[in-house]
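Visitor: Please take me through one part of this model in close detail. I would like the geometric criteria stated along with the values.

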Amino acid sequence: MRPRSMAKELTGSVKEILGTCVSVGCTVDGKDPKDLQEEIADGTVEIPQD
């Protein structure tokens, strides 16, 4: 999905996909996608750089 994303960094692409998960109503590793987005934003979950 990274090549199709309009985000500058991988973190943005991950957040886009998590947003889709929210829309669809699924969970990611048993967690709510909104919680994961917050954890990424505050630095609890680190996304490796490209």
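Guide: Leu-18 lies in helix α1, where helices are DSSP runs of H or I with at least four residues, numbered from the N terminus. This is a predicted model, in which local features need pLDDT of at least 70 and side-chain atom pairs count only at pLDDT 80 or more, while totals for chains, interfaces and linings use all residues. Residues are numbered from 1 along each chain as its sequence is written, and side-chain values use heavy atoms, with hydrogens and water left out.

With a relative accessible area of 7%, Leu-18 is buried (under 20% relative accessible area; exposed is over 50% and partly exposed in between, with a 1.4 Å probe and protein chains only). Leaving aside neighbours within four places in sequence, Leu-18 is in contact with Val-28, Pro-33, Leu-36, Gln-37 and Ile-40, contact being heavy atoms within 4.5 Å. Asp-35 is 17 residues from Leu-18 in sequence, and their C-alpha atoms are 9.7 Å apart in space.

Leu-18 is also one of the residues through which α1 meets α2. Two packed helices are described by the angle between their axes and the distance between the axes. Here α1 (residues 10-24) and α2 (residues 33-42) pack at about 160°, with axes 9 Å apart; axes are lines fitted to C-alpha atoms, for helices over the stretch in contact, and angles run from 0 to 180 degrees between N-to-C directions. That angle makes α1 roughly antiparallel to α2 (over 145 degrees; under 35 is roughly parallel, 65 to 115 roughly perpendicular and the rest oblique). The crossing of α1 past α2 is left-handed, meaning that the near helix is turned anticlockwise from the far one by less than a right angle.

On the α1 side the contact is made by Thr-11, Val-14, Lys-15, Leu-18, Gly-19, Cys-21 and Val-22, and on the α2 side by Pro-33, Lys-34, Leu-36, Gln-37, Ile-40 and Ala-41. These residues divide into 8 nonpolar, 3 polar and 2 charged (Ala, Val, Leu, Ile, Met, Phe, Trp, Tyr, Cys and Pro count as nonpolar, Asp, Glu, Lys and Arg as charged, and the others, Gly among them, as polar).

Glu-39 is also found in α2 and, at 19% relative accessibility, counts as buried. Not counting residues up to four places away in sequence, Glu-39 touches Lys-31, Thr-44 and Val-45.

Note on methods
Helix = DSSP H or I, 4+ residues; strand = E, 2+ residues; numbered from the N terminus.
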